[in-house]
Each structure stands twice: as structure tokens, then as C-alpha cells.
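Please walk me through this structure. I am new to it and would like a short report.

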Protein chains: 2
Amino acid sequence: MDAALRYAQANRDRFLTELKEFLSLPSVSTQEEHRPDIERTAAWLRDKLLAAGFPKAEVMPTAGHPIVYGEWPAAEPDRPTILIYGHYDVQPPEPLEEWHTPPFEPTVIGDDLFARGAADDKGQLYIHIKALESLQATDTPLPVNVKCIFEGEEESGSESLTPFIHDHADLLAADVAVISDTHILGPDTPSIVYGLRGLTYLEVEVVGPDHDLHSGTYGGAVLNPINALCRMIARLQDEDGHIAIPGFYDSVRPLTEEEREELARVPFDREAWLHEAGVTTDWGEPEYTIVERTSARPTLDVNGIWGGYIRPGAKTVLPSKAHAKISMRLVPDQRPEEIARLTEEYLTAIAPPAVRVTVHALHGGDGIVLDRHSPALEAASRAYEMAFGKRPVFTREGGSIPVVATFKRVLGIDSVLMGFGLPDDRIHAPNEKFHLPNFYRGIETVLYFLDFYGGTHK
Amino acid sequence: MDAALRYAQANRDRFLTELKEFLSLPSVSTQEEHRPDIERTAAWLRDKLLAAGFPKAEVMPTAGHPIVYGEWPAAEPDRPTILIYGHYDVQPPEPLEEWHTPPFEPTVIGDDLFARGAADDKGQLYIHIKALESLQATDTPLPVNVKCIFEGEEESGSESLTPFIHDHADLLAADVAVISDTHILGPDTPSIVYGLRGLTYLEVEVVGPDHDLHSGTYGGAVLNPINALCRMIARLQDEDGHIAIPGFYDSVRPLTEEEREELARVPFDREAWLHEAGVTTDWGEPEYTIVERTSARPTLDVNGIWGGYIRPGAKTVLPSKAHAKISMRLVPDQRPEEIARLTEEYLTAIAPPAVRVTVHALHGGDGIVLDRHSPALEAASRAYEMAFGKRPVFTREGGSIPVVATFKRVLGIDSVLMGFGLPDDRIHAPNEKFHLPNFYRGIETVLYFLDFYGGTHK
């Protein structure tokens, strides 16, 4: 293992060059014009698996974007099997004008690599490939059986992934999944996420008149669908963020006193957090801490809204339609389908008779809380301690990784969330970056993890 | 005058062909890329004035889009002077996908001519030019002094017009202004608008975090500016449309019982109105009739709203900014600047501390009520009766024509609003059209008006 660690250190520059090549491919999954880029990225990734030493790696088609699958058996029989999951697609880069460097021209500034997808998830995914290459290049015996599944639709709802896992349950059989798509608390504060929020994502359309009208001629006697939509959105929450949808909190598993005490031990610097978020004050349910609100409490955000005339200048239109994209972060045991149904019922009930509302569920995922004392989480905890010199903190995270719930449901396995991002990586926003020391330490952490988990298990 | 009327009838096909040429010029004033089209349209219009017999016509530059000015003295001295106002710019055609025929390829279907600007205002403006040509071509003595002012910024706030009128008050001196930019009640129900609503148009920006955030990571502890904007918009009105801005109604001149009785005499078919508006039910202040709500009461509409991710698919962004364009229709004696100030104060007061709101006034105009018994309005009334065979109804209209207030303030003259549009012309919306029988009758009405007003005045 020492040889592999030394190899990883000696090859840092080349690893970075390869990662920049990976990041320069604009694999935006939600934008149809990037479909050829998605295909190119999948092929590139397969080639890198083969180059790293994977005896088997292929691009497997789905109804949507392809899945890159790889397999590599352990050196000795009877070793446990890990299933490494990642996603090679990225969020749209818009708004482009707010990037200081072009999103698909990866640029190193200081210790950071700036590019769309740098932290979410290409940089974190690539850590695993380079760790495995380091074993192969130094003839270190592979301590576990490795399977890889890298999807291209994580940012667009992973619609093809669940059917794929169902259809290939035998192929994907494993003892545990390993996912690097979360962040640690700081460059020197390693942490392991044991809880994730779920997600319900809805698109709402409000239709008033069947065509656009002149607001001077009809204003005052025809209900404006934008005004109506705003009133409806205002009624989804109170001013402190408590959600007003009847039944919304019924299935929320309350935080225990023990959990609240643990979450209170998460190092948290309010000033630093405000700075990272770019706000002057926090907001939200006053009876919960910021850490609890962003990780262990359900929330509601309008992710997009549009209607009427939105170009420069003034147009006095009373538009026919208004739209919003609304998502809710869920906690155990809220079910996305149930929350979508409750939300649709509520929006329909509060819509004024003069407009027509339709609600379309775009995608969702269950929230999850993992067992912190499983062999894989113990191995991961020791691995972080070796690489970072500190025992990791166990945290819950606000984002959603629906595949964690899918792996549990379909394959019957837990996931270890070995994140290497940082809270200020600006994922999903302009100027996304990845902290390069985390990239290199991540490769070391994964090498330790493979060693510990392969030795302790079975 | 009979010769001129016969000439106008005999030349209908050619007049229509010319109007189609006028409408095929995409003179969208709010979109910078159409600036060359604006220039071309102004030059085209000047040429048509000269061709119609105007001894003087020119394109006059302003800080914004040019003004086309023409002058034609009466055949005999001591005749009154009319100032014909119109605008050659048009609303943006968006949303393009909802047009059944291309907006800048004028298409006749049945009695209607479909094109952006057909009724608002190119078709109505062109009526005057063709009436004057009919006099010149038949050697009919011009019964009044005519001045024309056609602007290219009406749909973008007429920013250059007021300074132009100030700077050229002597050139524009007249006894009355004549404006054809309104509608009559029906093809066989002529009407004259004697009251117009004013306008305050604002753009509102709400800023939350200083960059876009991931809604999973920050949702629940950072106030989302879209949610905040929706709550603020919801608090601008109650559910019946009463405006909640403190002081908003303080300067409203109440409707007198006599006015309410007159407005109740306006022929109004609720079912036909619902059909024209494309709605299943009306909405608004229950203590006022639909006619009153759309013409004599102040209103508030969100004309556009945008923020966050608005392309197809799902993006879990907690955006930095949200925007809305909000306009209010005003009635005498509400002042646009005062209402803009009250609205800004209110929005600032109700904005949660976690966001920053800025309000930018785009443009405004005073509401107005004209003297129904002035010589010009009397002449117009007789002219409609001759051309349409029915005495016109006096009405108030919901839209704004800020130039009416400007003419009063700067030149000291009233305006006669000789509209030839129809309520279902879909101005400002896809599939705008102009009813061709109104185009031809409009030319006749203007010929009678010139005759009556020239004969009765001075």
C-alpha cells in the first residue's frame, strides 16, 4: 500500500492534467444540445477505466444517457465487493456572465481548480479511478472486488438509473456502495455524511386568460396568473419558512435529543457560513439551528419562476400563463410521491377560481439515515483519520442523493458517503471549484479505505 | 368632400397593400436589434407623407428613436390647426410560437388583417395619411391646418417625446390634437374615449445571497429571493384586487353617480367579453362593474417575473436574484411619480431583512378625463355618426396614452381620441389584428371630421 501511496504522490501533476481534460467536456445532461458531449464524456471515462487497469469497462446504453460500467476482481477470492457510484454529467453553467473563468476551461487559481463539475462530481469520481490505477501501477494486490457505475443523468433526475439497477441487479451485486458526491466540513476537518435529505421537484403552471391580454384593457377584471401564482407561492410557507401544506410534517421522523446533541458538536462558524453563503443574515425556522435547518429539516424553495414579458424595457401585458419550479427537501420518513400529492392538492385547493393550475412532478428521491457503526463506515472513518490526521465528524447533509435510497431498496446495500468537496465549492452555481489538496488526500483516503475494508470484512 | 370619399372607396385595395408594407417592417422599439428597422420605418413613413401631398415632411432625430414630422397648411387662412399624433413602433411579437401567422408577414383572413401593430398603432395612424391623400388627389381644399407627429418610442415609454414637445412647442402649436390609438365598442357601435387611465411601470429586483447557491446545501437557512418576491407581490393586493399600498387610493377622484350611470349605459355583453378575454370568469373589485374596473378604477398587474432556473428540466438552485415588472393603471388625480414613490416605500418596508430590494421606475403617465362638449369632440361625434350611421357612445378606456397629458401640460391643448380598433384586436398579444371595415370607415370618419371641425371652428 505504501508503494501505491507514493505513486499517487509522484503522479499528481498528470492526474490534474487528466482531470482538466475530463472537466473540459461540457456534459450538461439537462440541455439537449449537449447530448454529443455526454456521449464523448462516457467514452472518455470508459477509456480511462481501461487505462487504469480495469479488465472490463464499457459504455452501456439506457433510454437516456449511457452508463459507464467497470469491473475488477480482487487479487484473492472471498473479498468483499464495493460498488463505486459517481456521475459524469454536470449542472448547466448558466448564468454564464457570472463566471470569472470559462466554465469548461478548467483553471487553477491557488489551491483551487475552477470548472463546472469540478467538485460535483467529476473531481470526486476521478479520485477513485486514480486510486485504483495507483494499485495496479505498483502491482499492489487489489484488496476488494470493485464494480463501478457512473451515470450521466444525475443532474436531470437519474431517470434511467433506477430501471438500469433493476435490470442489472445481479451484475451490480455488492456488499456496500461507495459514493463521493458530498463535502467535508473543511480542508482540515474531515467528516462523513450519514444522513441525506430527500427531494420532491415540481413544475407548476398557472393559466389565466387563454391568450395574452393588454393590461390596460383588461387589467382589474381579469385575474393575472403571475399575481395568482405569487399569492399561491406565498401561501406555501409562513415568513419563517414553516411549510403550510396540510399533512406535510405528518411523516417527519422527529430529531432525537441525542441527534441534536451530535449535530451541535459539528464545528460551525456562523460568520464563516454567512460569508460562504454570501448573505448578511440567516433565515428560517427559529426553533432549529442553522446546521439542523440545512441538514435535518424539510424545506421548500422556488428554484425558478417565469411569466409575462422578461426582456429589457416595459411591456404592458397581462399574460396567459405563469410558471414555477418548486422543490422540497425531505427528511426521513417523508415519501416524495406523497409530498408531491399533498402539494398538488393544496395548490389546487388554494388556486382562485379564475385560474387553472397544473402540477407536474419532475423527479424525487427518499431521504436516508445510515448506520454509523457498520464495517464500511468504520473503515471509512479510519481511512479519513489516516489521510487527514483527524477523526472525521459524522454529519447530515441537506442535498439529495436519490441513488442511496435506490441501492438500499433494489440491491439491499448501504452506501458509504466518502465526500471530498468543501462547503464553499459553489456547486450548481457560477465559479464552481474543487480544492486540489482534497483531490490528492481523497486518493489517499480511498487507498486506505480499500485496504481497511478489504482486511476487516468477511 | 364627396369626391374625396369616392376616391378613398376606389383606392381601398392599394391602401391595404401599402398598409401591409408598413406592417412588414418590424419596428419593435424595446429591442435594440430592431434599431435599423425603426430607422427604415421612419424613412418609409416620411416618404408616404410626401407622396400623400404633404409639402413638408421630415425625419427628426431625438436622443432615442426619431420622430416623423409633417406639415400641411389649410387652403384658406384662419382655419384651425390639428396636430395628428400616432406611433410607428410596435410591441415585441413574443411569444412567437403562439402566432398563427408570422407577426411581420401581414395576412388577411376574412375581414381581418393579422400582424403585429395592425391596430396598435400603424393601421390607425395610416387612416389619417390616406384621408389626407384623398383630399389632395381630388383637389379638395384642405379644411384645416394639419401637423403630424409620429413617434417611435410609444411602446417603450416615449422617453424622447416629452423633451421633443418641450423643445418644439412653437412648431407643434395647434388648437387640438387628434389621436387614433383606441378602440370603439364594436364594428357597428362607434364610441369616443373621453377618459384614459394613467400608468406607473416599475421594475423590482430582490437580491438574497450574493451568488447562486445549491438549494440542498443552503435551503432552509438562506431566504430564497424568489420566495421573498412572491410574498411581497402577494401583499400588494388583497384577493379581490384592492391595492394594499398605503396611500394608494388617497388621490383617487371618486366616480360620481352621474358617471356611473353613464358607464352603465355602455353596451356590455358579459358572455362576449369573457369570450374575448379568453376567461371563464371575471375577477376584481366586487363593488364595481367590469366596465368600471377596466376603465375607471386603478389596478395592479405583474407584467413579467423571472428568477432562477427557467429552462427545461430540474435544477436545484437557490438563486441570488429575482425580478418582476409591475405596472399600475392610474385614474385622475393619481400622479405616477407619487404612486411609484409609495410603492417603493411599501416594498422596501415589507421586504424581509434577509433580502435587499431595489425599485426602478421605467415610465409613467397621468390619467385624464376630457371635456365631452368641446368643438372638436362634437365634430368627432358627428363624423362617426356620418360614417357609421350611429351616434357614438362616450366611454372611458383602461389603457394609457401619456401623450394626452403631455399635450395638455406643454401645449395647452386637449386631444380627441378617434379610435378605430376593436376590443378583440389582441393588441400587445399574439395574433394582433385590425378589422379592415374599420380601416375604410376610419378614413371616411376622418374626412368628415376635417370637414366639420374646419367649418365650425374659429
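Which residue of β14(A) does A:Thr200 stand opposite? A:Thr200 faces A:Gly364. The model is a predicted one, in which local features need pLDDT of at least 70, side-chain atom pairs count only at pLDDT 80 or more, and totals for chains, interfaces and linings use all residues. Residues are numbered from 1 along each chain as its sequence is written, while chains are lettered from A and ligands numbered from 1 in the order in which they are written.

**The shared sheet**

Strand β9 (residues 198–207) of chain A pairs with β14(A) in the antiparallel sense, over nine bridges. Two strands count as paired if DSSP finds at least two bridges between them. Helices (H or I, at least four residues) and strands (E, at least two) are DSSP runs, numbered from the N terminus.

The sheet crosses from one chain to the other. Eight strands form an open sheet in the order β14(A)-β9(A)-β13(A)-β11(A)-β11(B)-β13(B)-β9(B)-β14(B), with antiparallel pairing. β14 (356–365) of chain A and β14 of chain B stand at the edges; each has a single partner strand, so one side of each lacks a neighbour in the sheet. From one strand to the next, the twist averages 20°.

α7(A) lies across β9, β11 (299–308) and β13 (321–330) of chain A together with β11 of chain B, and runs at about 15° to β13(A).

**How the two chains relate**

Two copies of a chain are related by a rotation about an axis and a shift along it. Here, a rotation of 180° with 0.1 Å of shift along its axis superposes chain B on chain A, with an RMSD of 0.1 Å. That is the relation of a two-fold axis. The same surface serves both copies, as 98% of the contact residues of chain B recur in chain A. The superposition is by least squares on the C-alpha atoms of residues with pLDDT of at least 70 in both copies.

The contact takes 82 residues from chain B and 80 residues from chain A. Residues are in contact if their C-beta atoms, placed from the backbone, lie within 7 Å. On the side of chain B that touches chain A, β11(B) gives the largest share, nine residues.

**Helix pairs**

Axes are lines fitted to C-alpha atoms, for helices over the stretch in contact, and angles run from 0 to 180 degrees between N-to-C directions.

| Helix pair | Angle | Axis distance |
|---|---|---|
| α7(A) and α7(B) | roughly 110° | within 8 Å |
| α2(B) and α4(B) | about 135° | 10 Å |

α7(A) and α7(B) are therefore roughly perpendicular to each other. Angles under 35 degrees count as roughly parallel, over 145 as roughly antiparallel, 65 to 115 as roughly perpendicular and the rest as oblique. α7(A) passes α7(B) in a left-handed crossing. Among the residues in contact are A:Asn227 and A:Cys230 of α7(A), and B:Asn227 and B:Cys230 of α7(B).

The crossing of α2(B) and α4(B) is right-handed. A crossing is left-handed if the near helix is turned anticlockwise from the far one by less than a right angle, and right-handed if clockwise. The contact residues include B:Phe15 and B:Leu19 of α2(B), and B:Tyr126 of α4(B).

**Buried strands**

Is strand β8 (residues 191–196) of chain A largely enclosed or left open? Six of its six residues are buried, so β8(A) is largely enclosed by the rest of the structure. A residue is buried if 20 or more other C-beta atoms lie within 10 Å of its own, exposed if 12 or fewer, and partly exposed in between. Five bridges join β8(A) to strand β16 (residues 393–397) of chain A, and the two run parallel. β8(A) also pairs with strand β15 (residues 368–369) of chain A, in the antiparallel sense over two bridges.

Strand β6 (residues 145–151) of chain A is mostly covered, with seven of its seven residues buried. Strand β2 (residues 67–72) of chain A runs antiparallel to β6(A), joined by five bridges. Strand β3 (residues 81–87) of chain A runs parallel to β6(A), joined by seven bridges.

**Backbone exceptions**

Most residues other than glycine have a negative phi, and most peptide bonds are trans. A:His428 has a positive phi of about 70°, and is buried, with 25 other C-beta atoms within 10 Å. A cis peptide bond joins B:Pro332 and B:Asp333, with omega about 5°.

Notes
Contact = placed C-beta atoms within 7 Å.
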